[in-house]
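I opened this model to look up its aromatic pairs, its helices and its core. My notes are below the display.

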Amino acid sequence: MERHIGREIRGLSNLIKRRIDSQAAKLGIEDMTGVQGWLLHYLDRRTPEGRVFQRDIEEDFDIRRSTATVMLQQLERKGLIERLPVAGDARLKSIVLTEKAARFCRALHEDRDRMEATMRKGVAPEELAAFFTVTDKIRDNLENCEESEDNE
């Protein structure tokens with residue numbers, strides 16, 4: 001049977017997602033979507049630098065206010081974030097991770113590092129360099145194809 005790039009990438013992506021979902025379930029976090037995971041990662045990285053507000057998320061993720069509101073409400077219901085009032089401006093709420101989310105992020109980072117090491121196992125540095133060269137070319141092909149189609 002002929003192998004297809006898209007099928008291979010999807011298969012790898014599914015394996016990675018299953019592993020992340022498994023880690024989340026071990027920590028008592030169910031039904032984590034990919035976007036929610038990225039948002040938690042974003043908050044984990046940004047919070048030490050200072051306060052994060054909904055408008056920051058809207059801008060950095062390039063999403064509408066309503067979309068950000070729904071995402072944040074879901075994370076709040078899961079006990080993963082809190083919205084804390086800002087002194088001096090009752091309209092503003094700073095978004096912070098709960099301890100549950102912080103534990104999840106730490107475990108996810110550790111698991112990501114282990115998974116990366118597992119994926120690299122037995123792969124020579126030159127093979128890895130070739131892999132990244134090929135993935136960059138595929139990405140460029142797809143991005144340029146979309147631009148070409150948009151201009152037609």
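The entries that follow go from confidence to ring pairs, then helices, core and single residues.

**Ground rules.** I am working on a predicted model, in which local features need pLDDT of at least 70 and side-chain atom pairs count only at pLDDT 80 or more, while totals for chains, interfaces and linings use all residues. Residues are numbered from 1 along each chain as its sequence is written, and side-chain values use heavy atoms, with hydrogens and water left out.

**Confidence.** I looked up pLDDT, the predictor's confidence in each residue, from 0 to 100. The protein averages 88, and 95% of the residues score at least 70. I then went through the elements, where helices (H or I, at least four residues) and strands (E, at least two) are DSSP runs numbered from the N terminus.

**Aromatic pairs.** I counted rings of Phe, Tyr and Trp (its six-membered ring) as paired if their centres lie within 6.5 Å; planes under 30 degrees apart are stacked, over 60 edge-to-face and the rest tilted. How many aromatic pairs does the structure hold? It holds 2. In one, the ring centres of Tyr-42 and Phe-61 are 5.1 Å apart and the planes stand at 80 degrees, so I logged the pair as edge-to-face. Tyr-42 belongs to helix 2 (residues 34-46) and Phe-61 to helix 3 (residues 54-61), so the pair ties together parts 19 residues apart in sequence.

For accessibility I used relative accessible area: buried is under 20%, exposed over 50%, partly exposed in between (1.4 Å probe, protein chains only). Tyr-42 is buried at 12%, and Phe-61 is partly exposed at 24%.

Phe-131 and Phe-132 also form an edge-to-face pair, with 5.3 Å between centres and 65 degrees between planes. Phe-131 is partly exposed at 44%, as is Phe-132 at 38%.

**Helix 3.** I find Gln-54, Asp-56, Ile-57 and Glu-58 buried in helix 3. For packing I used contact, meaning heavy atoms within 4.5 Å. The buried residues of helix 3 pack against helix 2, helix 4, strand 1 (81-86) and strand 2 (89-97). Asp-62 follows helix 3 and has a positive phi, near 55 degrees.

**Helix 4.** I checked its length against the expected span, 1.5 Å times one less than the number of residues. Helix 4 has 13 residues and reaches 18 Å from its first C-alpha to its last, close to the expected 18 Å. Which residues of helix 4 are buried? They are Ala-68, Met-71, Leu-72 and Leu-75. They cover an arc of only 95 degrees (taken over the directions from the helix axis to the C-beta atoms), which puts them on the same side of helix 4. An α-helix has 3.6 residues a turn, so residues three or four places apart point the same way. The buried residues of helix 4 pack against helix 2, helix 3, strand 1 and strand 2. Just after helix 4, Gly-79 takes a positive phi of about 75 degrees.

**Core.** I took a nonpolar core as a set of buried Ala, Val, Leu, Ile, Met, Phe, Trp, Tyr and Cys residues joined through side-chain atoms within 4.5 Å. The largest has 20 residues, of which Leu-39, Leu-40, Leu-43, Ile-57 and Ile-81 touch the most other members. Helix 2, helix 4, strand 2 and helix 5 (99-120) each supply at least two residues of this core. Beyond its neighbours within four places in sequence, Leu-43 contacts Pro-48, Val-52, Ile-57, Ile-81, Ile-95 and Leu-97.

Gln-36 sits in helix 2 and is buried at 3%. Setting aside residues up to four places away in sequence, I list Asp-31, Gln-74, Leu-75 and Lys-78 as touching Gln-36. Ser-94 sits in strand 2 and is buried at 9%. With neighbours within four places again left aside, the contacts of Ser-94 are Arg-51, Val-52, Phe-53, Glu-82, Arg-83, Leu-84 and Val-86.

**Helix 1.** Is Ile-5 buried or exposed? Ile-5, in helix 1 (residues 5-26), is exposed at 52%. Helix 1 has 22 residues and reaches 32 Å from first C-alpha to last, close to the 32 Å expected. From Ile-5 to Lys-78 I note 36 Å, C-alpha to C-alpha, and 73 residues in sequence.
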